[in-house]
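Dear colleague,

I am handing over the structure below, and I would be glad if you could look through it alongside these notes.

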Amino acid sequence: MAATKKKTTKKKPAPKAKKVVKAKKIVAAKVKNVTVSVKKSGPAKGKAKKATPKKIVVKKSAPKVTAKKVAVKTPVKKAAITKGAKAKAVSKPKPAPVRKGTKPRTTGVVTAKKATAIEPVKDKSIVVKAEVLKAVIAKLKEPSAIIPVESAPAAQENKRQDNAYAPAVIEKKWQAKWEADQLYRSVIDNSRPKHYALTMLPYPSGDLHIGHWYAMTPADARARYMRMKGYNVLFPMGFDAFGLPAENAAIKEGIHPMKRTFENIEHMREQMKTMGTMFDWEREMVSAAPEYYKWTEWFFIKLYKMGLAYRKMSAVDWCPHCNTTLAREQVWGDDRHCERCGTPVIKKNLEQWFFKATKYADELLNFDGLDWPQTVKTLQTNWIGRSEGAEVKFRVESNQSSVNSDQSTLMTDDWSLITVFTTRPDTLWGATFMVFSPEHPLVEKITAPGQKAAVDEYKAQAARQSDIEREAVDKEKTGVFTGAYAVNPVNQARIPIWIADYVLMSYGTGAIMAVPAHDERDFAFAKKYELPIVEVIRPVETNHDSSVPEAGVLESAYAGPGVMVNSGPFNGTKVNTEKGRKNPGISAVIDWLEAQGIGKESVNYRYRDWLISRQRYWGAPIPMVYCEKDGWNPVPEDQLPVLLPEDVEWKPTGESPLKLHPTWKNAPCPVCGEPATRETDTMDTFMCSSWYHLRYLSPKYDKGPFDEAEYNYWMPVDTYTGGIEHATMHLLYTRFFHKALRDAGITEGNEPMIQLRNQGMVLGEDNEKMSKSRGNVEAPDVLVEKYGADTIRAYIMFFARWEMGAPWDSQGIEGSARWVRRVWTLFTDPSTTLRSAQGEPIVASDEVKKSLRRKVHQTLRRVTRDFEQFEFNTIVSSLMELLNEMYKAREAGAVGSDEWKEAQEIYLKMMAPVTPHIAEELWSQFGKPYSIHTQPWPQVDEAAAKEDSIELPVQINGKVRDRIIVPAEATEEEVRAAALGSENVQKFLEGKEPRKVIVVKGKLVSVVG
Ligand SMILES: [Zn+2]
Ligand SMILES: [Zn+2]
């Protein structure tokens, strides 16, 4: 990655930058320390249900909305916050005054409060209690409870009495301590290499499901591993908080999306904390918070000013149920249904905002320097669908009476020229007919009167089919002759024009030239309708391009290499299987077409510009104002954010509440100051998630979307994890966005995320996608209560290959629970010394100890490799195996030896990323320095890991007949001798000399008798 391009232009006095960060930290801590107990006024259902296990205090990471707003708007933010905190006990009259005071600059129109029927989220009664917090911290820091080692003898005894594994106790204890100690706070540290580990952020649906755990906890384990490897790791979490569900719920139930969303976030954040992840919550971002979407709007304006955002009328996909437009990526399936609700989409003509993503089409096809799965690269490549070739103009004969009579509008000079895109201009001489899409606007004009009835009928049946049906490869090809002809410009041949449903208007120009001899589909079509087939590429057996081989009878279309025949000036020209200019035949013909003025080189893309307008309320407003006189202009930057009004009405009208709001859309024209109108569409939420990784860098920063010092240290993202379903959506949008910002001088380098790994999906036990309606959903909260987070984490990493996913198995989790308990038992068992029947202590032999050590270091080598390669399932199984070996070593008297102590230590370190709580607890019980999560990852002792002897299978005539054990260092001769000396082998050879003996080193011995 060339990430250095602009670094020079940036002034960054390093020490100063650091100071800024520190200062920020204090402010942040202040905000956080405002511990509040929240009385939910609304029916937060998930929460109410499990009210019991909830702790005494809900430590909110600040009264988010209110406090943050202060932070954004007030110049002296520190003072403001402290003041706010001091105003405790006085049950806040209403946060409205704060908001009011901070708002007027943006929109006088936004009626400050006018609570309407819907209570905004800040109206939760917030009672600030500073003392409560102190109590908690004091309790957390109480050493005896946490570091029992300090008072060794007493604690030891205590422990022995009740050393049952109690995840509920130890997990809460360590989570609280980690939080109090800010163990996972990530700040710039130039003395260490950085590692930005990013996992896709969730939509705040209100309840964490097992899929979230499946995505997040292995990603967390990997981040923890990287930290132990010595990296300064940033592993943040946030919420992709705008979107349809909250708005649909508002229409249905009347709950304001803001209220619902922020309540859901509160709940989910608490649920996430039970996972024991190392998320740095100080860096949380919420895309629906004004201090976030202010910058989403700011980015829109940047793109607009760069000419990358434009407005045009276009036929767009519209979901009649969601009442909004959809991007092409959001239309799914053969029946073209809405990605979100499943309703079949319809086409609608609307004026819409687009981003010129196609400008980057070629660059997006370049994956240099990216460690991304091939599948994703292929999906993106196909999605962009670049094809090289030529545009060729065919003249349509206007000899039909219907053509000449009407339509003066079409009677321009070139109306009868139809442009066709082809990837195979070298086959132009073989074009024997043309096929138009039935929807092609010229069809009506050119159809001969005698063909009109047939054409109309065919058009009607084509309209009833989906695009996918029409394009299906195995579908029987059908079509109708229009009665019209075109002239092939390369040889003046008169060729018939047909219509067929396999040609779509959305590809190229909606018309193709058909070359049946060299295209499978055209071949089938020509055979069926008895259209001429002319061979123009003939296969060659020799490299002699002068010798044109004999023509054969074509049994099928030929798409291989050869020489051009029946092609006028190009006869004998070589053609290979390369695309575009790399193919000598294609290249030569393109040059010739251009010289003749009948065509030109051309590149065609499937990729379309990014439609970002949504006719909905719950999204970032598009910061544009329309004036009759001055047209569209962006809202001046110092007036951002354009805030969403809160006092809107929820009516199932299909119109955005923004459009129906009486005053919101009124705004002065940014140019002339006269009354003008705001854009009432909001942005596609994929716009919000295109830059969230940048906001994590400095979520409270208010001088720009991010702090440059943080950017320079942390970016690019080193490892990104998430579902593959985002391959052609988020993962493509965010690449485009980064490149656009790079060109705006805002970001550096060509790519935002260097390494990508995709996890699969957890299915229900019935092997179906988990869904509430199916009743196959696993509730993680219940599992946490039953097993503890460590067991779920271990099971999630164990039960499937991460990238594959698998159906949930509620029996399987018992195995992981057993493993965690057995670790606990082995490591806390006080009976360290075993005695023989005679009462003699059993002392392990050197061989036992050596073998234990070997197994430990072999496991460490495997686990290290597996962490590097995201092979989480084998990490857990390796640890399970090693545990069995350790139980055996204990029976053999290894406990107490140096090898045993080393084994325990390495074992806990390997466990730490997977099961962070139990590892920390046992670590502390052994009297090791806090915290295990800041320990360096252990080094493999290769000498110790080496096997003394290996077992080899011996095959006789291809069948395994015996296994021999030989020294690992044995030579080929020695292995051969050992194999032939085996009793079994002797028996099978019946005393005869083997004809051949093959030794595959370290693998097997094969004897041919
Ligand atoms: Zn829909
Ligand atoms: Zn104006």
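The four donor atoms around the zinc ion (ligand 1) subtend angles of 100 to 115°, and the arrangement therefore counts as tetrahedral, a label given to four donors if all angles lie between 85 and 135 degrees. These donors are the SG atoms of Cys-319, Cys-322, Cys-338 and Cys-341, at 2.2 to 2.3 Å from the zinc ion (ligand 1), where a donor is an N, O or S atom within 2.8 Å of the metal (3.2 Å for Na, K and Ca), with water not among the atoms, so that sites may look incomplete. Along the sequence the donor residues follow the spacing C-x2-C-x15-C-x2-C, and both Cys-319 and Cys-322 are buried (under 20% relative accessible area, with exposed meaning over 50% and partly exposed in between, for a 1.4 Å probe and protein chains only).

Please keep in mind that this is a predicted model, in which local features need pLDDT of at least 70 and side-chain atom pairs count only at pLDDT 80 or more, while totals for chains, interfaces and linings use all residues. Residues are numbered from 1 along each chain as its sequence is written, chains are lettered from A and ligands numbered from 1 in the order in which they are written, and side-chain values use heavy atoms, leaving out hydrogens and water.

Strand β5 (residues 309-319) pairs with strand β9 (residues 346-355) in the antiparallel sense over ten bridges, pairing being assigned if DSSP finds at least two bridges between two strands; strands are DSSP runs of E, at least two residues long, and helices runs of H or I, at least four, both numbered from the N terminus. Ser-314 has Leu-350 in β9 as its bridge partner. The open antiparallel sheet that holds these strands has four, in the order β6-β5-β9-β20. Since β6 (324-326) and β20 (610-611) stand at the edges with a single partner strand each, one side of each is left without a neighbour in the sheet.

Overall, the protein has 36 helices and 34 strands, and buried residues make up 53% of its 1009 residues.

Technical notes
Four donors count as tetrahedral if all angles lie between 85 and 135 degrees; four count as square planar and six as octahedral if opposite donors are over 155 degrees apart and all others between 65 and 115; anything else is irregular.
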